[in-house]
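Please look at how aromatic side chains and helix packing go together in the model below.

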Amino acid sequence: MWVWAFCVAVACASTAHAQTAPVEIPFAPQGRTVLGIENVRTRTSTDTRGPNGSGRVTATLEINGGESPFAAIWTTTRVEANGQVIVQSSPGAAQLLVGMPVGLELAENGSPSAVQNWPEFQRHVIAAVTELTPAAERTEQWRLATEATQRLFASMSASDAARLLFQDVGIMAICQHTGLVVGQPLHSETMTPNPLGGSPIRTLVTYELVGVDESAGSARIVFSSAFDPESVAASVREMIQ
């Protein structure tokens with residue numbers, strides 16, 4: 001199961017009704033808006049041998065307001081995971097797009113709908129990975145990983161890339177243009193593409209408004225997702241057969 005905690009801008013209800021009245025969560029960027037983003041992910045595996053832990057992604061999102069689709073620039077500035085900290089000057093930063101501004105188009109609710117200049121962006125990423133990797137570190141394993149990245153990119157459209165590569169932006173957009181009540185989680189389900197290439201996997205999702213900072217005009221929302229065990233088992237059987 002993955003858990004994300006993130007903050008969004010809100011139109012706050014009055015304090016007297018904060019516990020029962022929905023808190024409206026608009027998405028209406030005006031002019032040039034620059035947001036500081038910090039997403040914390042926590043992974044909890046039902047398998048005791050699973051890779052549990054948490055990671056933190058720090059980024060900026062610059063949005064040019066007006067009419068949708070909105071033009072935006074996402075820049076990951078720092079990634080923390082498994083006891084490691086990766087910044088722009090760190091080995092492997094290019095593979096994680098750290099320090100690399102990415103032009104995005106955002107839909108009406110702020111979700112990423114396309115990577116701007118997608119073919120050029122692909123070439124730029126591969127060139128950056130090569131340039132920033134010392135010749136001595138360009139091992140066979142590195143070559144295979146780079147070629148796998150190229151094939152993955154080639155299989156994606158600009159909209160696919162936006163959804164798959166910039167999930168942090170998509171997560172923030174989940175609750176936009178809705179009204180949530182503090183302490184009342186909402187449950188739904190979706191289908192997640194199968195990483196093994198089989199049928200999509202049924203995924204159970206929950207998001208909950210856990211607190212509101214009226215003075216800052218922001219709210220803290222916790223979003224969690226988990227694969228349905230029966231759907232996973234069916235997918236494995238399908239792959240075996």
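Trp118, Phe121 and Phe153 are linked into a cluster by ring pairs; rings of Phe, Tyr and Trp (its six-membered ring) pair if their centres lie within 6.5 Å. The model is predicted, so local features need pLDDT of at least 70 and side-chain atom pairs pLDDT 80 or more, while totals for chains, interfaces and linings use all residues. Residues are numbered from 1 along each chain as its sequence is written, and side-chain values use heavy atoms, without hydrogens and water.

By the ring rule there are two aromatic pairs. One of them joins Trp118 and Phe153, with 5.3 Å centre to centre and 65° between the planes, which is edge-to-face (planes over 60 degrees apart; under 30 is stacked, the rest tilted). Trp118 lies in helix 1 and Phe153 in helix 2, 35 residues apart, so the pair links distant parts of the chain (helices are DSSP runs of H or I, at least four residues, numbered from the N terminus). Trp118 counts as buried at 5% relative accessibility, and Phe153 counts as buried at 6% (buried means under 20% relative accessible area, exposed over 50%, partly exposed in between, with a 1.4 Å probe and protein chains only).

The two helices also pack against each other. Helix 1 (residues 118–132) and helix 2 (residues 140–154) meet at an angle of about 175°, their axes 11 Å apart; axes are lines fitted to C-alpha atoms over the stretch in contact, and angles run from 0 to 180 degrees between N-to-C directions. Helix 1 and helix 2 are therefore roughly antiparallel (over 145 degrees; under 35 is roughly parallel, 65 to 115 roughly perpendicular, the rest oblique).
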